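Dear colleague,

Please find below the structure I am handing over to you, followed by a short account of what was found in it. I would be grateful if you read the two side by side.

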Amino acid sequence: MSGLVKGPVLVIGASGNVGGAAARSLLDAGLPVRVAGTDPGALRRRFPTAEAVRLDFLDPATFDGAAAGAGALFLLRPPPISRVGPTLNAFVDAAARHGVGHVVFASVAGADTNRLVPHHRVEQHLRTGTVPWTILRPGFFAQNLGDAYRTDIATDDRIVLPAGDGRAAFIDTRDIGEAAAVILADPHRHAGNGYLLTGPQALSFTDVARLLTGALDRPIRYEPTTAVRYLWHLRRRRTPLTQALVQTVLHTGLRHGQAEQVDPTLPRLLGRPARTLEQYIGQHRHLWSASPPAP
């Protein structure tokens, strides 16, 4: 780690898209990794070359054991966590007490000014703390198509969102993971910086439906809806209320151009072009088959 960070990088959320991509990229870069979550056994099976420890943001008794000896922290907010004060921010404080050298926080685009999203409070806590930090603010994930939108696409051949004609510069989470590895290989160079990370092209959801139609060889349509109807749609899908509210706010913001900016930071960090949404769709066609495989 160029001698700049001592100890393993503690990765939060390695069972998900962003944290998993970060853990894989760090391991591929030859950096020592410790993955943390509520099921260390599952994490150990997924990342057999990484150390696995238990961390439950709702159980402060697990904080010290997870943070002790970590040289750096890759932090993200698990969707079910809405109260970040006694959870994420308290864990950052625990990591600081144990001498963690740097925190990379995977926030969301606009969180520096949008007080409605929980990520804003984590960013503010990092800014007033003692640990050097770098904040990543990615836009909408390409992986949303295979996660949050998958059921609608696979079973109903549609995308239902309150986004109107808004566009998003979709970013592949694999690129976020690689960016984190670049930063943590030389963290001093990136300390105190907030990076907007986007994909290479802003697309409307009509464009997205067209790409899916071409890749899947069946018509996929985009159905714009209202914020209230979308919230009800998510609740019918048994999405937790707080998560449903955050998703609704973020998607409604697309109507006002909040995610259409294409930023050059990501390719500069990676030293190569960012992955496109078309590439992601082409590599993951199986996710939207009429009968998606069991996880």
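In strand E6, Leu136 is the bridge partner of Ala106. This pair can be located in the predicted model where strand E5 (residues 103-106) and strand E6 (residues 133-138) run parallel, joined by 4 bridges.

These two strands belong to an open sheet of 7 strands with parallel pairing, in the order E3-E2-E1-E4-E5-E6-E9. Strand E3 (51-54) and strand E9 (193-197) are at the edges; each has a single partner strand, so one side of each has no neighbour in the sheet. From one strand to the next, the twist averages 20 degrees.

Helix H1 (residues 17-28) lies across strand E1 (9-12), strand E2 (33-37), strand E4 (72-76) and E5, and runs at about 155 degrees to E1. Helix H4 (residues 85-97) also packs on the sheet, where it touches E1, E4 and E5. The direction of H4 makes about 180 degrees with that of E4.

H4 has a helix partner as well. It packs with helix H5 (residues 119-128) at an angle of about 20 degrees, and the two axes are 9 Å apart. Because angles under 35 degrees count as roughly parallel, H4 is roughly parallel to H5. The crossing of H4 with H5 is right-handed. Where they meet, H4 contributes Leu88, Asn89, Val92 and Asp93, while H5 contributes Arg121, Val122, His125 and Leu126. Sorted by class, this contact has 4 nonpolar, 2 polar and 2 charged residues.

With kind regards

Note on methods
Residues are numbered from 1 along each chain as its sequence is written. This is a predicted model: local features need pLDDT of at least 70, side-chain atom pairs count only at pLDDT 80 or more; totals for chains, interfaces and linings use all residues. Side-chain values use heavy atoms; hydrogens and water are left out. Two strands pair if DSSP finds at least two bridges between them. Axes are lines fitted to C-alpha atoms, for helices over the stretch in contact, and angles run from 0 to 180 degrees between N-to-C directions. Contact means heavy atoms within 4.5 Å. Angles under 35 degrees count as roughly parallel, over 145 as roughly antiparallel, 65 to 115 as roughly perpendicular and the rest as oblique. A crossing is left-handed if the near helix is turned anticlockwise from the far one by less than a right angle, and right-handed if clockwise. Ala, Val, Leu, Ile, Met, Phe, Trp, Tyr, Cys and Pro count as nonpolar, Asp, Glu, Lys and Arg as charged, and the others, Gly among them, as polar.
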